[in-house]
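Visitor: I would like to learn how to read a structural model of a protein chain, feature by feature. Could you take me through one?

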Amino acid sequence: MDLKQHIDSLFIESNFYATLRSIFLVASLAGLMYSVYAPVKELYILSLLSLGFQVIAWILIIKIRRVRQIANDLQKISMLYEAYGKMPSTSPSK
C-alpha cells in the first residue's frame, strides 16, 4: 500500500468516526427532547441513554483527533520525503 493511499484511508477513517459521532449526538439530542414529555420511568432511561451517547461521542472525538494527527504527521513526512528524497529518520548520524 502506498503511503498516500494509507494517509487517505486514515482521513476516511476519521471522517467515518466523525459521522458516527454526529449520529450519537443527534440521538442524544432527540432523547433529551423527548424526555420533556416522557413519563417518569422513561425519563430515567432516556437520561441514562443520553449520558451514554455523550460519553461515546466524547470517546469518538478523542479517536478522531488521534487518527487525524497520525494522518497529518504521515503527510508531513511524505512531503519532506518528496522535497529531500530521503526519509528524515534515515539520515546519517554525526
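Guide: What follows is a conversation about the helices, the core, the ring pairs, the salt bridge and the surface of this model.

Visitor: What should I know about the model before reading it?

Guide: This is a predicted model, in which local features need pLDDT of at least 70 and side-chain atom pairs count only at pLDDT 80 or more, while totals for chains, interfaces and linings use all residues. Residues are numbered from 1 along each chain as its sequence is written, and side-chain values use heavy atoms, with hydrogens and water left out.

Visitor: How many helices and strands are there in the chain?

Guide: Helices (H or I, at least four residues) and strands (E, at least two) are DSSP runs, numbered from the N terminus. In this chain there are 2 helices and 0 strands. Of the contacts with a separation of 6 or more, 73% are accounted for by residues 24 or more positions apart, where contact means heavy atoms within 4.5 Å.

Visitor: How is burial described, and what percentage of the residues in the chain is buried?

Guide: A residue is buried under 20% relative accessible area, exposed over 50%, and partly exposed in between (1.4 Å probe, protein chains only). By that reading, buried residues make up 18% of the 94 residues in the chain. The chain exposes about 7,300 Å², of which carbon and sulfur atoms supply 67%; such areas come from the Shrake-Rupley method with a 1.4 Å probe, and for residues only the protein chains shown count as cover.

Visitor: Which residues make up the largest nonpolar core?

Guide: In soluble globular proteins, nonpolar side chains tend to be buried together. A nonpolar core is here a set of buried Ala, Val, Leu, Ile, Met, Phe, Trp, Tyr and Cys residues joined through side-chain atoms within 4.5 Å. The largest one has 7 residues in all, namely L10, Y17, F24, L60, I64, V67 and A71. Helices α1 (3–34) and α2 each supply at least two residues of this core, and α2 gives the most, with 4 residues. Leaving out residues up to four places away in sequence, V67 touches L10, E13, S14 and Y17.

Visitor: How do I read the aromatic pairs, and how many does the structure hold?

Guide: A pair of aromatic rings is described by the distance of the centres and the angle of the planes. Rings of Phe, Tyr and Trp (its six-membered ring) pair if their centres lie within 6.5 Å, and planes under 30 degrees apart count as stacked, over 60 as edge-to-face and the rest as tilted. The structure holds 2 such pairs. F16 and Y17 form a tilted pair, 5.8 Å centre to centre with 55 degrees between the planes; F16 is exposed because its relative accessible area is 51%, whereas Y17 counts as buried at 18%. F24 and F53 form a tilted pair as well, with 5.5 Å between centres and 50 degrees between planes, and this pair links distant parts of the chain, F24 being in helix α1 and F53 in helix α2, 29 residues apart.

Visitor: Which residue forms a salt bridge with K4?

Guide: A salt bridge is a side-chain nitrogen of Lys or Arg within 4 Å of a carboxyl oxygen of Asp or Glu. The structure holds 1 salt bridge: E82 pairs with K4, the closest N and O atoms being 2.8 Å apart. E82 lies in helix α2 and K4 in helix α1, so the pair ties together parts that are 78 residues apart in sequence.
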